[in-house]
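This briefing is for a reader meeting the structure for the first time. It begins with a term, then takes the topics one by one.

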Amino acid sequence: MKRRKFFFLVGLAAISGSLAIACNNGPTATDPAAESPATLVATGGELNIYSGRNEQLIGPLLERYEAETGTKINVRYGDTAELAAAILEEGQNSPADVFFGQDAGALGALQRANRTKSIPEEILNKVDSRFRSPEGQWIGISGRARVIDYNTELVNENELPNSIWELTEEKWRGRVGWAPTNGSFQAFVTALRLVEGDDRALEWLEAMRDNDAQVYSNNTTIVEALGRGEIALGLVNNYYLPRFQEEDPNFPVAHHYTQNDPGSMINVAGVAIIDTTEHEEQAISLIEYLLTPESQQYFAQETNEYPLATGVPGPDEQVPLEQINAPDIDLSNLDDLEGTLNLLQQAGVL
Amino acid sequence: MTKQFPRSSIIDKLVLNKGQAARPPLFLVLMGAIAAIGIALPLVYLIIRTMGISGEQLWEFVRRRQTLEIIFNSIVMAIVVTLLSALIALPLAFLTVRTDLPWRRFWAIVTTLPLAIPTYVGSFALIATFGPRGSLLQSWLAPLGVERLPSIYGWPGVVAAIALFSYPYLLLSVRTGLQGIDPAMEESARSLGHNSWSVFFRVTLPQLQPSIVAGALLVILYALRDFGTPSLMRFNSFTRAIFTQYRASFNLNFAAALSLMLVVLVSIILWLEYQARTQAKYYSRGSALGRKRQLIRLGPWKWPALAFCSLVTLLCLVLPIGVILYWLLRATAPLAVLRSILSIALNSAWAAGLAALFSTLFALPVAILGVRFPGRLTTLIERASYIGFGLPGVVVALSLVFFGANYAPWLYQTMPMLIFAYLVMFLPQSVGTIRGSLLQVNPRLEESARCLGQTPWQTLRKVTIPLVRPGIISGVALIFLTAIKELPATLLLSPIGFRTLASQIWVATNNAAFIDAAAASLGLLLVCTILTLVLLSQEQYST
């Protein structure tokens, strides 16, 4: 009797396991449009996206695309770097057709490993050449500015630093937060190296370290700590603060852009087509869709990022892209992350 | 079919040549072998990747000051965390199993639950409460002129947070051990004139050694593999360095080299633990089950005992839940937010449930082989099963991405693949608890069953499994509670579009959407509470 019961349980486990596989192959509950016949600019087919951008941000946009084109979209959400690493490990069997990364570094890493396909010229031309791969291997979809956020209760507007070099002064000792392990921060350091040279960049890093800059794990934790007044200033990206302000309108933190130095550089989130894709047509159609004025507006309004397609205005409450005195850097030169990491390690901050 | 006789000194001498150990039953060996292959995959992957670095580069990398520093940090941190969690777990286990502590079962449940709190939520709660500025404590002390508290970041924060949220490993293991001790031994000791203290130190504690060591091993490995806490507490550990290699430089080879160094460290720990094992027998002649045990009367000591339980619960459970509720109450329609995560909660429970089921199924043969048929190979399998648990999740996940996509594409990113990943990572949790229980079962019982004509399979089913039930139950609980929190493997290996509570929390905290994070955390806690209740109701309680 008992033996039968055991086999019943094993059987049950086996069946449920295969059920899970079966479910996996079928359409998921979240895409009602998948079965409906194509309507508008129908491309049909399927598209697998590995997205380092999270679902809350781009989920609605992708759903709209799915409904309009009838292309079934499958998204694997995750960490930008881990997904890029996964594509590298998957090799020729990668299920990914498109990679949507949070920063240019990950896109550059895929390009260097020859895992990307060229994007057609007419699409590339929709975006300023500063915000895409010069070889046409990836393209920026939305921009984010580096910014100094400050606690408005601890710092007066008139004492705010005009350049990142002022952060190394005695009066900011132990009061500045940064995130040396964070990709956006590292892109900023790379920019600093391009503008001022490695020696000066190292000098700045060491001065910051000696000035007891407080280390945090990422931008969110810095802004969070700023809100509590744990630190007075923080080196972050522009779109984190609005999220805090949405939940708490009295959140005591504000933006400050430095003048003409990498403290206010612009970096991008963008997409690449994976070399092993069998759905290139759909992938190209998706990129076109992401660069339409409607989609670009969506980034401005929902994620507080800067639209990159030429001619689309930026987010309402933020300083326009043109007014930020971002240094003129070719983003494609930002891919020397190795050098930046060496520098960060040399300075003892990583 | 040839009949194998189990190991027994008499039968050995009569039937088999002296010195020839009995062969384990085939089905155990097969299942053990499957587990062993799973365990070996991450190692093979790491070796392949590390080979991508030239010897000179590798040596340069190993002897960097930073590398040496993280090795030192990781080792010292793991040791301190283990000692601290022993200070929390041992008294708790003893109080909830052996004494007449008021509301014993309640404490048993709430002190296990911190395992269900994701480290990022737990660490965040500690920072929000004890952070240097703007924290709860500082705002209370502000009227007294306290502008800034001593920093929680670095050593104090990382040690406290990991110990506070990993001590349940030790607790569950030691509770299982305590329940398995035959009360007759302590009674005999007492009748031979030993007082309570002497019984505890000379009979109970030595009996508990395997459970304590198994639990401590899990705590050490957890401390080494955890990423959330060191990153939030701004502490430079192995995992943080490995993540830096992945996240910042996309350098899979150096990440692998670092991971391999971690494997070496884990192997040393495993070897030390192996050396600490004795050949002592932990079972008694009879069966421990079904005997009533006399509970220790606490008398006036029950007040400090209650205070201790309350303090631990406050730090590990009330604080994080407080933070979660604080977030949630800021939502305009908290109930709607909660309802929206119901289907995701079911996903989580389903995946973690399957993980617990299959991992326990495979842990059983590994533990039995190691205890009943000790040999070089079986010991190696049993020891090596811990390596997957000692590595950061992302390393194991990427190794399975590598093998899955390239050699088993039909299995890649399916549910069975995800369950297999959980098995590779979490198997040792139940190997440890089952091993602890099995050591307390007298092998003569199994031998008698064999002598009475039962097959190995029948013996396993009718004798061994019922006797190691406490270990199995603890193992199931541990695997469920850790698998439900797992992130990197879930993100990379689950069927596309499969969402869990853990991934929801991660997305939400990254996005500073604290209301959603709170809802998902609460969902996680509810699922885990229900499971813990069910499992603890299976424990045998003496009244």
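Helices here are DSSP runs of H or I with at least four residues, numbered from the N terminus. By that numbering, Ala161(B) lies in helix α8 of chain B. The model is predicted, with an ipTM of 0.79 and a pTM of 0.80.

**Confidence**

- The average pLDDT of chain A is 82, and 84% of its residues score at least 70.
- Residues 1–40 of chain A keep a pLDDT under 50, and the model gives this stretch 31 contacts beyond four places in sequence.
- Chain B has a mean pLDDT of 82, with 90% of its residues at 70 or more.
- Within chain B, helix α1 (residues 9–15) has the lowest confidence, with a mean of 40, while α4(B) has the highest, at 91.
- The pLDDT is below 50 over residues 1–20 of chain B, a stretch that has 19 contacts in the model beyond near neighbours in sequence.

**Chain A: content and domains**

- Chain A contains 12 helices and 11 strands.
- Of the 350 residues in chain A, 50% are buried.
- When contacts in chain A between residues at least 6 apart in sequence are taken, 78% of them join residues at least 24 apart.
- Where the two domains of chain A meet, domain 1 contributes 19 residues and domain 2 contributes 17 residues.
- On the domain 1 side of this contact, α4 (104–112) and β10 (266–274) of chain A are the elements that give two or more residues.
- That side of domain 1 of chain A is made up of seven nonpolar, nine polar and three charged residues.

**Contact between chain A and chain B**

- The contact between the chains involves 42 residues of chain B and 53 residues of chain A.
- On the chain B side, at least two residues each come from α11 (228–232), α12 (238–249), α19 (393–407), α20 (415–439), α24 (488–493) and α25 (501–510).
- Helix α19(B) gives the largest share of that side, six residues.
- By class, the side of chain B that touches chain A holds 24 nonpolar, 13 polar and five charged residues.

**Helices α8 and α23 of chain B**

- Helix α8 (residues 155–180) and helix α23 (residues 469–483) of chain B pack at an angle of about 170 degrees, and their axes are 9 Å apart.
- Angles over 145 degrees count as roughly antiparallel, so α8(B) and α23(B) are roughly antiparallel to each other.
- From α8(B), the contact uses Tyr169(B), Leu172(B), Ser173(B), Thr176(B), Gln179(B) and Gly180(B).
- From α23(B), the contact uses Pro470(B), Gly471(B), Ser474(B), Ala477(B) and Leu478(B).
- The contact of α8(B) with α23(B) has five nonpolar residues, six polar residues and no charged residues.

**Ala161 of chain B**

- Ala161(B), in helix α8 of chain B, is buried because it has 28 C-beta neighbours inside 10 Å.
- Beyond its neighbours within four places in sequence, Ala161(B) contacts Gly122(B), Ser123(B), Leu126(B), Thr229(B) and Met233(B).
- Ser123(B) is 38 residues from Ala161(B) along the chain, yet their C-alpha atoms are separated by 5.9 Å.

- Asp212(A) is not a glycine but has a positive phi of about 60 degrees.
- The loop between α7 (198–210) and β7 (214–215) of chain A holds Asp212(A).
- Asp212(A) counts as exposed because 11 other C-beta atoms lie within 10 Å.
- Trp103(B), also a residue other than glycine, has a positive phi near 50 degrees.
- Trp103(B) sits in the loop between α4 (65–98) and α5 (104–110) of chain B.
- With 12 C-beta neighbours inside 10 Å, Trp103(B) is exposed.

Note on methods. Residues are numbered from 1 along each chain as its sequence is written. Chains are lettered from A and ligands numbered from 1 in the order in which they are written. This is a predicted model: local features need pLDDT of at least 70, side-chain atom pairs count only at pLDDT 80 or more; totals for chains, interfaces and linings use all residues. Two residues are in contact if their C-beta atoms, placed from the backbone, lie within 7 Å. Ala, Val, Leu, Ile, Met, Phe, Trp, Tyr, Cys and Pro count as nonpolar, Asp, Glu, Lys and Arg as charged, and the others, Gly among them, as polar. pLDDT is the predictor's confidence in each residue, from 0 to 100. Axes are lines fitted to C-alpha atoms, for helices over the stretch in contact, and angles run from 0 to 180 degrees between N-to-C directions. Angles under 35 degrees count as roughly parallel, over 145 as roughly antiparallel, 65 to 115 as roughly perpendicular and the rest as oblique. A residue is buried if 20 or more other C-beta atoms lie within 10 Å of its own, exposed if 12 or fewer, and partly exposed in between; C-beta atoms are placed from the backbone.
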